[in-house]
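Here is a short note to read beside the model. Please keep the structure open while going through the points.

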Amino acid sequence: MVASTLCVPLGAHVMKTIANQPRPFQWTGVVLGAKAALTIWSPDKIKAEKTVKKLLIEINRLERIFSLYFTGSEISKLNQSGYIDNPSTELVNVLLESENLFILSDGAFDPSIQDLWKAYFDDDLEKLNKLIERKDKINFSSVNISKRKVAFDASEMKISLNGIAQGFITDKISDLLKNEGYETAMVELGETRALGAPLDGDSFEVGIINPHKPNTLMTTITLENNALAVSGGYGFRFPDNDLHHILDPHSRTSAKKVAQVVVTAPSAMSADGLSTAIFVAGVEKGETLLKSFDNTKAMITDNDGNVHVI
């Protein structure tokens with residue numbers, strides 16, 4: 001094992017020094033509410049430190065677009081007003097990719113569940129009942145997207161891009177590292193992407209937890225110039241402990257068809273969105289969905305502990 005990452009909901013990072021390479025420079029913090037890490041292998045520590053400072057400025061800029069934690073972010077303004085004029089290129093691109101995944105997954109991936117998520121989080125039964133009755137508030141087809149304006153057709157609609165924007169940010173930062181000349185890095189900003197491979201010829205290894213025993217690993221997956229995302233209901237529980245944070249837009253409650261989905265793909269954004277979509281859609285529909293994406297694989301653990309590799 002040359003390096004490893006423990007893929008848990010909070011993004012914990014376990015790392016070993018890579019043979020014949022300098023000790024890595026590492027930053028840890030929080031991105032879009034999730035623990036995050038950047039690990040760069042470079043013989044020039046001063047350059048690595050300067051590079052990370054540049055990356056943090058870019059991460060902050062992107063959070064000002066996608067974060068629900070900033071009241072002044074683009075997505076917060078969109079949710080508050082129901083529209084936003086002159087949206088950033090980044091917001092438009094992620095919304096268009098979300099629309100594509102919404103269509104391909106028959107609505108299993110639907111960012112318009114934010115109000116439903118908040119109602120569960122607040123344990124607001126009155127609001128939950130209203131959202132269950134009103135179909136138009138949870139339907140991404142009610143989002144109109146253009147370069148000049150993004151607007152909701154349905155009143156009081158709210159969206160969250162946490163199921164895809166973490167992957168988008170991971171890709172952006174990975175591309176910036178490549179542009180800076182780095183050949184070996186691990187980018188973990190809610191999702192994981194391996195830049196290059198260690199010089200000793202091995203690959204990065206990512207430990208995948210057992211969803212039925214979340215304190216243990218079930219297997220490892222190797223990464224080399226690709227990305228990985230994991231979706232599982234064990235990461236966060238609402239006040240009602242029978243319910244987890246990944247919601248099924250159709251049933252209006254926690255998705256229950258599988259226990260965990262691991263997706264590897266060329267981009268972290270694709271892996272991010274697909275892991276959520278397949279977790280909601282299940283094994284059979286997930287297999288159909290993957291046919292639309294090249295060089296993309298999924299490992300699905302069902303509720304009985306069986307593992308399906310597609």
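1. Ile-145 stands opposite Val-150, a residue of β6. Strands here are DSSP runs of E with at least two residues; helices are runs of H or I with at least four; both are numbered from the N terminus. β5 and β6 (residues 149–152) run antiparallel, joined by three bridges. Two strands count as paired if DSSP finds at least two bridges between them.

2. The model is predicted: local features need pLDDT of at least 70, side-chain atom pairs count only at pLDDT 80 or more, and totals for chains, interfaces and linings use all residues. Residues are numbered from 1 along each chain as its sequence is written, and side-chain values use heavy atoms, without hydrogens and water.

3. Which strands form the open sheet, and in what order? There are three, ordered β4-β6-β5, with antiparallel pairing. β4 (83–85) and β5 (143–145) are the edge strands, each pairing on one side only. Neighbouring strands are turned by 10 degrees against each other on average, direction ignored.

4. Helix α2 (residues 74–81) lies across β4 and β6. Its direction runs at about 125 degrees to β4. Helix α3 (residues 89–104) packs on the sheet and touches β4, β5 and β6 (contact: heavy atoms within 4.5 Å). The α3 direction makes about 125 degrees with that of β5. Axes are lines fitted to C-alpha atoms, for helices over the stretch in contact; angles run from 0 to 180 degrees between N-to-C directions.

5. Pro-24 sits in the loop between β1 (4–7) and β2 (25–31). Is Pro-24 buried or exposed? Its relative accessible area is 17%, so Pro-24 is buried (under 20%; exposed is over 50%, partly exposed in between; 1.4 Å probe, protein chains only).
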